[in-house]
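Visitor: I would like to take a close look at a single part of this model, with the terms spelled out as we go.

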Amino acid sequence: MAYTVTISNRDNVRYQVDGKRSLLDSLRDRAVDLPYGCKYGGCITCAAKLTVGEVDQRRQVALNNRQINDGYVILCVARPTSDITIEIGVESHDKLYRNPFLDPLKPYELKADIAAPKEA
Ligand code: FES
């Protein structure tokens with residue numbers, strides 16, 4: 001199934017992408033310049049911010065619950081399950097990192113929680 005991806009911080013440019021492919025692969029095929037590293041969801045380099053819509057990113061292991069709740073998505077494994085709007089690049093990373101000494105994660109924000117299956 002095809003979905004529309006809007007990149008809000010690139011003049012709202014839109015692309016049609018295949019829901020079976022990762023957003024990183026789909027967008028790079030369209031010559032969108034995106035950073036990436038591992039390409040298996042482990043290093044966080046390709047993170048972007050999802051502002052509208054839904055993705056399936058169950059394969060990612062880089063984000064904790066706080067980052068997921070803040071809307072971050074891992075483009076190398078995320079596949080759209082609806083039309084989406086994302087912010088890409090370093091501009092999207094405003095809340096991605098925080099100082100763990102000044103602002104430690106709460107237990108419910110730790111990554112172990114995301115391994116639990118979602119309630120249907
Ligand atoms: S490239 Fe490493 S998490 Fe996507």
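Which residues line the largest cavity?

Guide: This is a predicted model, in which local features need pLDDT of at least 70 and side-chain atom pairs count only at pLDDT 80 or more, while totals for chains, interfaces and linings use all residues. Residues are numbered from 1 along each chain as its sequence is written, and side-chain values use heavy atoms, with hydrogens and water left out.

The largest cavity is lined by Leu34, Pro35, Cys46, Ala47, Ala48, Leu75, Ile88, Gly89 and His93; here a cavity is a set of points, on a 1 Å grid over the protein atoms alone, where a 1.4 Å probe fits but cannot get out, and lining residues have an atom within 4 Å of a point. This lining divides into 7 nonpolar residues, 2 polar and no charged, where Ala, Val, Leu, Ile, Met, Phe, Trp, Tyr, Cys and Pro count as nonpolar, Asp, Glu, Lys and Arg as charged, and the others, Gly among them, as polar. About 30 Å³ of space lies within the largest cavity, a volume being the space filled by probe spheres set on the points, which are joined across faces, edges and corners.

Leu75, one of the lining residues, is also touched by Ser22 and by Ile86, contact meaning heavy atoms within 4.5 Å. Ser22, found in the loop between β2 (13–18) and α1 (23–29), is buried, with a relative accessible area of 3%, where buried means under 20% (1.4 Å probe, protein chains only); helices (H or I, at least four residues) and strands (E, at least two) are DSSP runs, numbered from the N terminus.

Methods: Buried < 20%, exposed > 50% of the residue type's maximum accessible area, 1.4 Å probe, protein only. 1 Å grid on protein atoms, 1.4 Å probe; cavity = no way out; pocket = protein on both sides within 12 Å on 5 of 7 lines; lining within 4 Å. Lists of a residue's contacts leave out its neighbours within four places in sequence.
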